[in-house]
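Dear colleague,

Here is the structure you were waiting for, with its sequence. My notes on what was found follow below.

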Amino acid sequence: MSRVWNFSAGPAALPLSVLERAQRELLDWNGSGASVMEQSHRGKRFIAMAQQVEANLRELMDIPDDYAVLFEQGGATQHFAQIPMNLAVEGDSADYIITGHWSEKAASEAAPYVRVNVAATSKSESYLRMSARETWKLDPNASYVHIATNETIHGVQFKQPPDVGNVPLVADMSSDILSGPVDVRRYGLIYAGAQKNIGPSGLVLIIIRRDLLERPTRPMAKIFRYVEHAAHDSMLNTPNTWGWYLAGLTFEWLKDNGGLAAMAELNRQKSELLYSTIDGSGGFYANPIDPPVRSRMNVPFTLHDSALDAAFLQESEAAGLLALKGHKALGGMRASLYNAVPLQAVQVLVDFMHDFARRHG
Ligand SMILES: *Cc1c(COP(=O)(O)O)cnc(C)c1O
C-alpha cells in the first residue's frame with residue numbers, strides 16, 4: 001500500500017484510522033448486515049448514531065444548549081445564499097468583511113437577498129493583511145456581520161473572533177473548524193463545509209443560536225428554512241447519511257487524540273515549521289502575508305523563480321507529496337495542513353524543500 005502525504009486544499013486528507021474503520025465497517029455496519037449508506041435515516045440504528053455524532057460535536061466544541069446543530073447539504077456555497085434568506089427580510093442590510101476569495105464570494109452570493117454593506121476589505125492590498133478592526137464601518141442596525149475565519153486560497157486567518165457588539169457574527173469556518181477551540185458564544189451562526197477538516201464533501205455543519213431561527217423571513221419553501229431543519233433534527237428530507245457517519249468517525253478520532261486543544265497545538269507546530277522554513281530560505285521561498293494573520297491551515301508560497309514551479313511539483317509528487325500546486329488565482333504553491341495532516345508530513349515536506357533549494361539554488 002502506498003499512501004502519500006496529502007496537502008490537498010479540499011476535498012482533503014482524512015485521518016488514516018478513520019478511513020480504515022470505514023473500510024472495516026463498510027459491508028456490515030453496526031451489526032446490521034448492510035452498509036450505513038444502504039439503510040433508512042429513519043431507522044433506529046441511524047438515529048442513534050446521528051444523536052451520538054451531534055453529542056460528540058457538542059462536547060468537542062463546547063456548544064451551549066441554546067444553539068442548534070444542523071447537518072445540511074449544498075456546500076458552503078449554497079449557504080452563502082441561504083444565510084441571508086434566513087436572517088434578513090427584504091430591505092435589510094448585512095455587513096461583510098472581505099478578507100479573500102471566499103468572503104468576497106459570500107458577499108456576492110448574498111447580494112440578491114440582502115443589501116450587502118462591505119464594512120471592510122483588504123482587496124486593494126491583495127489580501128496580504130487584514131484591515132484593522134478600528135477601520136471597519138459597521139452598521140449597528142445590520143442583520144448580521146459576516147466573516148470567513150480562514151481564507152483557504154489567500155491564506156489569512158482570524159486568530160480571534162472580532163468584537164462586533166450586539167449584531168450576530170456569522171462565520172464561514174469551512175477550512176478551520178475543529179482546528180482549535182472556539183468560543184461558540186461569540187457567534188450567532190457558524191457554518192462549515194465538511195470536506196476540509198471533517199469528512200467528505202456534500203455535508204455542511206451549521207451551528208446557530210436558537211433565537212436566530214425565529215427571525216421573520218421572506219416566503220420560501222421549507223427546505224430552505226433552518227428552523228424547519230432544526231425542528232426535524234436535520235431530517236426534513238434524506239440527509240447525507242454517509243457524510244454524517246464519516247463526520248462522526250472524525251469526531252471520535254478527535255476525542256481520542258486530545259480534542260481541539262491538542263489539535264491547536266499540533267497545528268501551531270506544523271504551520272510554524274513550514275513558515276520558518278519559508279522565511280529562513282534566504283528568499284528561495286516566500287510567503288508575503290502579514291505574520292499575525294498567516295493561516296495555520298493553508299500556507300500559500302512561491303518560489304523565487306516561477307520557472308522552477310514545474311520541477312518543484314514534479315519532484316515533490318515523485319517524493320510522495322500530493323497536491324502542492326497553488327490555486328490558479330495565485331499561482332505558486334499551497335500546502336494545506338488540516339487536522340488529518342500529521343506533523344511527520346510537514347517534516348517530510350520541509351526536508352524536501354531544503355533539498356530542492358540546495359539543488360536548484
Ligand atoms: C471550500 C470553501 C467553500 C466552498 O465550499 P463548497 O462546499 O464547494 O461550496 C467556502 N468557504 C470556504 C472558506 C472554503 O474553504
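Which domains does the domain assignment of the chain give? It gives domain 1 (17-256) and domain 2 (259-360), with bounds that come from an automatic or database domain assignment. Please keep in mind that this is a predicted model, in which local features need pLDDT of at least 70 and side-chain atom pairs count only at pLDDT 80 or more, while totals for chains, interfaces and linings use all residues. Residues are numbered from 1 along each chain as its sequence is written, and side-chain values use heavy atoms, with hydrogens and water left out.

The C-alpha centres of domain 1 and domain 2 lie 27 Å apart, and 25 residues of domain 1 are in contact (heavy atoms within 4.5 Å) with 23 residues of domain 2. The area buried between the two domains (accessible area, 1.4 Å probe, lost on putting the two parts together and summed over both) is about 2100 Å², and carbon and sulfur atoms give 59% of that area. On the side of domain 1, Leu128, Ile153 and Lys159 lose the most area to domain 2, together 24% of what that side buries. The count of salt bridges (a side-chain nitrogen of Lys or Arg within 4 Å of a carboxyl oxygen of Asp or Glu) between the domains is 0.

Best wishes
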